Amino acid sequence: MDCRDYTTSLPKHKKGAHLTQEEQMAIRVLQALKYSIHAIARMLGCSPGAVLNELRRGTPPRKSNRGSPRIL
């Protein structure tokens with residue numbers, strides 16, 4: 001019996017999984033091409049929050065030493 005109501009395609013990104021290096025690079029490339037966060041998330045099949053977190057993670061380190069461990 002063949003049921004045509006079901007889809008066999010899997011989502012591109014599994015919920016709760018870390019982004020792969022390919023996805024991380026795709027986010028940076030698409031953002032450089034001026035795609036919106038929501039458009040990038042739709043293309044990769046992940047949440048806009050995951051895209052935003054990845055873009056934030058790519059920012060340079062803070063210049064402040066506040067909170068760094070002391071060297072004895």
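Let's start with Arg57, which is exposed, with a relative accessible area of 58% (exposed means over 50%, buried under 20% and partly exposed in between, using a 1.4 Å probe and protein chains only). Keep in mind that this is a predicted model, where local features need pLDDT of at least 70, side-chain atom pairs count only at pLDDT 80 or more, and totals for chains, interfaces and linings use all residues. Residues are numbered from 1 along each chain as its sequence is written, and side-chain values use heavy atoms, with hydrogens and water left out.

**Salt bridges**

- The structure holds 2 salt bridges, each being a side-chain nitrogen of Lys or Arg within 4 Å of a carboxyl oxygen of Asp or Glu.
- Arg57 joins its side chain to that of Glu54 in a salt bridge of 2.8 Å, N to O.
- Arg57 and Glu54 both sit in helix H3, 3 residues apart, which is about one turn of the helix; helices here are DSSP runs (H or I, at least four residues), numbered from the N terminus.
- Glu54 also meets Arg28 in a salt bridge, at 2.9 Å from N to O.
- Glu54 lies in helix H3 (residues 48-57) and Arg28 in helix H1, so this pair ties together parts that are 26 residues apart in sequence.
- Together, Arg28, Glu54 and Arg57 are linked in a network of salt bridges.

**How two helices pack**

- Helices H2 and H3 pack at an angle of about 110°, with their axes 8 Å apart; axes are lines fitted to C-alpha atoms over the stretch in contact, and angles run from 0 to 180 degrees between N-to-C directions.
- H2 and H3 are therefore roughly perpendicular to each other, a label used for angles of 65 to 115 degrees.

- Val29, Leu33, Tyr35 and Met43 make a nonpolar surface patch of about 370 Å².
- Patches are made of residues with over 30% relative accessible area and no salt bridge, and nonpolar side chains (Val, Leu, Ile, Met, Phe, Trp, Tyr) are joined within 5 Å, like charges within 9 Å.
- Tyr35, one of the patch residues, is found in the loop between helix H1 (21-32) and helix H2 (37-44).
- Tyr35 is partly exposed, with a relative accessible area of 39%.

Key. Areas by Shrake-Rupley, 256 points an atom, 1.4 Å probe, with all protein chains shown as cover. Parallel < 35°, antiparallel > 145°, perpendicular 65-115°, else oblique.
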